[in-house]
Amino acid sequence: MAKPKTQRKLIGADVVGHLEAIGTGIKYLFKPRMTLRYPEVFQDFGPNYRGMLKLYTDKCISCTMCARICPSNAIKMYKTDAKKYPGITYQRCIFCGFCVDICPVDALEMFGVHDIAYYGLEEQVLNPEGFSKGPPIEEKPKKVKPRLDAKRGLRYERT
Amino acid sequence: MVFVPLIFPGLLTVTIVIVVLIWFERKLTAKVQLRYGPLYVLKPLGGALQMVADLIKFTFAELIVPKGSDKKAFILAPILLFTLSLLPVIAIPVSSKYAAFFSDLSLLIVLSLLTLTPIFVLLLGWASDNKFSFIGSLREGFMMMAYEIPMFISILAMAVTYDSLDLKHIVETQSSSLWGLILNPLAAIAFFGAMLMTTARYPFDITEAESEIVIGPYTEYSSVIFGLCLGASYVKLYVLSLFFAEVFLGGWNPFGGLESLHPILPGVAVLAKGVIIMGLCVFMRSVYPRYRIDQALRLGWHKLLVLSIVSVVLSLGIVGLGVL
């Protein structure tokens, strides 16, 4: 069997390699940043983003379809006076949007909000009353949209 | 003479320089990686006080001494490590009239004091009674052999070139001739490489290696003592950068004339040169990944050692030809 040829490098090759590495570092030093200052600048997710849900109790016909389709058992029906209404726990919700799709009367709606902090786990379990309030939507100061740029990579545009 | 070790270029200056340097290191790395880095502590200046906040946090953290540790060594080793890292400052003259003491052998004093520090890294790794500490300090032991010999030989080359072991005399020689970096670039490169290894900068942070062995020898430490451990490598970097500025970058030249105004003023030039070297050292963090220990040892023994011996030959040539 033939011996594998070891590639012989020139003595200067190492030095050139190190200089190239440092040169690359310096080149990147002057490139624009690609991260967002998140809590101050928000990314606009567009209209089809699947976020937290809101229930419209006046539309709901208590068909329990949403609770049945829910793959993670996040939606549970609560009995209030005459009708049953769904409640949700965000400990389990995977934001798949099946409940919105299956609802025959469009009583559920998704919002582009996903970043809400709770003080405790039990606060994430919402009964129909809490569910119908929907996620708290703040007026966010700066929204930007990511764009792919051939030269710069990622670029953010004000919307 | 208390002023030198305590204020300039000693403890106070070191603290300020280190606080700014660590912030700069994190900010620079973040910029190269296209992100922001520390931001929220003093926002108008881009989080410049982040390290001050960290320092306060370290100071008020609980000091935990593990049960199985050798308590005296555990507590004393970091203190001695930090002190010995800072001590060489007294022998580095920052202008021809200003130093804690002048000696004919100041070059050797600086290096020999720095040589003592790895012993304390070994000691604190042993005293911690933790396998990560022990592996970390063993790595330090391996590395020590690989970097110290090239470092001493490259400095020997410079001592041969200037025909002196006195830093003051070395800097004064450079005022009338070329700077050491141009006279003997090989020695400068070998010393710079050994300097990165000594101070555990990337790509040689094999001793600390966060992703492999927690934080190496300092694993069991907490509170102020942990701050001393981490600070020691930066202090070493500071001392070696001043040393590099004096031996290779002409020291206080060409600002030696400012001495007539105040003896400290030329020292600011030395400090500025040192800070540039430190900036270059911390920039390596954003460029290189960590070497394996065998790669680092091969670099030390196969390349830096050869390079430093060649630099001695070059120096002999310089002296022989009477260039200087």
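Modeller: Let us take chain B. This is a predicted model. Among contacts in chain B with a separation of 6 or more, 79% join residues 24 or more positions apart. As for burial, 44% of the 324 residues of chain B count as buried.

Next, the secondary structure. Chain B has 13 helices and 0 strands. Read from the N terminus, its elements run α-α-α-α-α-α-α-α-α-α-α-α-α. The radius of gyration of chain B is 20 Å, close to the 20 Å from the globule rule for 324 residues, so chain B is as compact as a globular protein of that length. Along the principal axes, the C-alpha atoms of chain B fill a box of roughly 60 × 45 × 45 Å.

Now the helix packing. Take helix α11 of chain B, residues 223-247.

One is with helix α3 of chain B, residues 50-60. The axes of α3(B) and α11(B) come within 6 Å. They cross at roughly 130 degrees. An angle from 65 to 115 degrees would count as roughly perpendicular, and one over 145 as roughly antiparallel. The pair α3(B) and α11(B) is therefore oblique. From α3(B), the contact takes L55(B), F58(B) and T59(B). From α11(B), it takes S223(B), V224(B), F226(B) and G227(B). By class, the residues of this contact of α3(B) with α11(B) are 4 nonpolar, 3 polar and no charged.

The other is with helix α2 of chain B, residues 11-32. Here the axes of α2(B) and α11(B) come within 10 Å and cross at roughly 105 degrees. That angle lies in the range of 65 to 115 degrees, so α2(B) and α11(B) are roughly perpendicular to each other. α2(B) brings V14(B), V17(B), I18(B) and L21(B) to the contact. α11(B) brings G231(B), Y234(B), V235(B) and Y238(B). The residues of this contact of α2(B) with α11(B) divide into 7 nonpolar, 1 polar and no charged.

Put together, α11(B) meets α3(B) through residues including S223(B) and G227(B), and meets α2(B) through residues including G231(B) and Y238(B).

Last, the neighbouring chain. The contact between chains A and B takes 9 residues from chain B and 10 residues from chain A. The side of chain A that touches chain B has 5 nonpolar, 2 polar and 3 charged residues.

Definitions and conventions:
Residues numbered from 1 in each chain as written. Chains lettered and ligands numbered in written order. Predicted model: local features only at pLDDT ≥ 70, side-chain atom pairs only at ≥ 80, totals over all residues. Contact = placed C-beta atoms within 7 Å. Nonpolar A, V, L, I, M, F, W, Y, C, P; charged D, E, K, R; others polar. Axes fitted to C-alpha atoms, helices over the stretch in contact; angles between N-to-C directions. Helix = DSSP H or I, 4+ residues; strand = E, 2+ residues; numbered from the N terminus. Parallel < 35°, antiparallel > 145°, perpendicular 65-115°, else oblique. Rg over C-alpha atoms; globule rule 2.2 N^0.38 Å. Buried ≥ 20, exposed ≤ 12 C-beta atoms within 10 Å, placed from the backbone.
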